[in-house]
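Here is a friendly walk through one model, strand by strand and then on to the ligand. Please keep the viewer open while you read.

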Amino acid sequence: MFFYELFVRSFYDSNNDGIGDIKGIVAKLDYLKKLGVEGIWLLPIMQSAAFHGYTVIDFYSINPSYGTLEDFKELIKEAHKRDIKIVLDIPINHTSVKCEWFQKAIAGDKKYEDYYIWANEKTDLNEKRHWDDSLIWFKYKDKYFYGLFGSSSPDLNFENKELWKEIKNVFKFWLDLGVDGFRLDAAKHIFDYDRENMRFKYQHEKNIEFWKEMTSYIKSIKADAIIISEIWDSPDVVKKYHGLFDVEFNFPLSYFIKDTIKYHDPKILVNGIRETLGHYISGDVESISGNFFTNHDMERLISGFDENSEMSKMAFNILFTLPGYPFVFYGEEIGMRGEIIDVNFTEDSQEPMQWYESGFGLGQTEWKGCKYNPPYSSISVEEQLKDNNSLLNHVKNLARFRKENKWIENARIYGLNNDRFIVKYGLKLNERNFLVYHNIKPQKSKITLNKYKSYRIFGF
Ligand code: ACG
């Protein structure tokens, strides 16, 4: 299943306020369908004061800038008519400080006080986040709370079983509205604080217990719900969660794909596949690999390649010829640019989707200026639709190839190896079989294929 990661604010604006909205997505479902998209991962749409939506004020609402619950139901209906699934991002590790639960806690309501984690005499208020040295304890009125993702997002205290019930209700609410599944934000962080010793510590076993209960609850309501987990970590940590979720994002693979192309080094891809897709080699697949090269937390693909669209095409070739599900962040199909200078300020990788050559036109979002994607830079759907060699048409062809060969999702990888130029591997399922060759070097290289037929992906 080919998934498209969609940021509503930047996508398409139906009411001329410059902010993308849910009706705007409906208006562009045919664009997505033609692109070959089979599932949409919607970044958070609930009421939030933050531009990105990851600090939720009310889990049962739609951000008024994006529309209403009625609009959302309409989106689901229209998406389903086109055989497109809708998967919702639900960040439940924390809330906004503006959430009613947190406000009640601050006001001294005992029930809600226990929904959050507060400093005590053992707390080191200067403790830092392990990956970037950000502070994790913040003062609100006269109390200090634990907030791994910053001063406006207090972490929830999942030692409290009432919260488990509360979160189940949230999942049920969205399933009843018709969503096809969830992208579980920050899945390794549900229990990441050691309350006894008051210090940061991942507690994977407790996380697994929590997610087991949540996923079986979700499946009891919708047996075919698609559950996707975000665990941004090394393969050994991701492995601990194998089999728990339907789809696991493969973060390590994203770096291997990009580095292979950046350094023109076939060995990187071979080692990367071995290390992160080993279960597709052994045939022991418990969770589907969610393959991607960028998401909203990361630098845009082409910006990492000095804006070389041939290198981006190569990355897409690899993405669409690996087993698992390919995920594409909106705008990557037209090579939108964007950098992340600081992980706490990610706006620059989420600029308005560029529909028009001039940068203006019906539905164009304008919530922020386009620092990286100016008009007349050939980064627009309008220009690229007209050009057979564009990145957009390249991605469309690959998606069509993938659709014609759905079996690749579950294929076994065999015969993985490389020479100086080329990475070679086979994909096999029952009697279906492909040999894939990727020439990683910028120079031409010759291969002789006697007994094989080539597959015309690009119609040449
Ligand atoms: C999710 C969302 C993100 C969102 C939140 C919070 C979580 O996608 O948009 O933030 O709701 C960590 C978390 C992820 C989180 C990212 C942003 N993403 O684990 O859940 O931060 C290391 C750490 C990772 C870390 C990553 C970040 O281990 O845990 O992700 O760095 O850069 C190798 C290593 C690997 C290492 C990488 C990168 O691969 O193996 O361990 O990862 O290198 O160095 C949003 C906003 C935030 C806001 C928040 C409330 O974006 O600004 O504060 O909401």
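Gly-426 has Leu-435 in S17 as its bridge partner. Lys-428 is likewise bridged to a residue of S17, namely Asn-433. Strands here are DSSP runs of E with at least two residues, helices are runs of H or I with at least four residues, and both are numbered from the N terminus. Two strands pair if DSSP finds at least two bridges between them.

Before going further, please note that this is a predicted model, in which local features need pLDDT of at least 70, side-chain atom pairs count only at pLDDT 80 or more, and totals for chains, interfaces and linings use all residues. Residues are numbered from 1 along each chain as its sequence is written.

S16 and S17 form a hairpin with 2 residues between them, and Asn-430 in the turn has a positive phi of about 50 degrees. Both belong to an open, antiparallel sheet of 3 strands in the order S15-S16-S17. S15 (412-418) and S17 (432-439) are the edge strands, each with a single partner, so one side of each has no neighbour in the sheet. From one strand to the next, the twist averages 15 degrees. Helix H11 (residues 266-276) packs on this sheet and touches S15 and S16, with its direction at about 150 degrees to that of S15. Contact means C-beta atoms, placed from the backbone, within 7 Å; axes are lines fitted to C-alpha atoms, for helices over the stretch in contact, and angles run from 0 to 180 degrees between N-to-C directions.

What closes into a barrel? The 8 strands S1-S2-S5-S8-S11-S12-S13-S14 do, with parallel pairing. Here the twist averages 25 degrees from one strand to the next.

Now for the ligand. There are 21 residues around the ligand, and Tyr-54, Trp-131, Phe-149, Gly-150 and Ala-186 come nearest; a residue counts as near if its C-beta atom, placed from the backbone, lies within 6 Å. The shell has 9 nonpolar, 8 polar and 4 charged residues. Domain 1 (3-92 + 161-411) and domain 2 (94-155) both contribute to the shell, so the ligand lies between them.

The predictor gives the complex an ipTM of 0.98 and a pTM of 0.97.

Notes. Ala, Val, Leu, Ile, Met, Phe, Trp, Tyr, Cys and Pro count as nonpolar, Asp, Glu, Lys and Arg as charged, and the others, Gly among them, as polar. Domain bounds come from an automatic or database domain assignment. Two residues are in contact if their C-beta atoms, placed from the backbone, lie within 7 Å.
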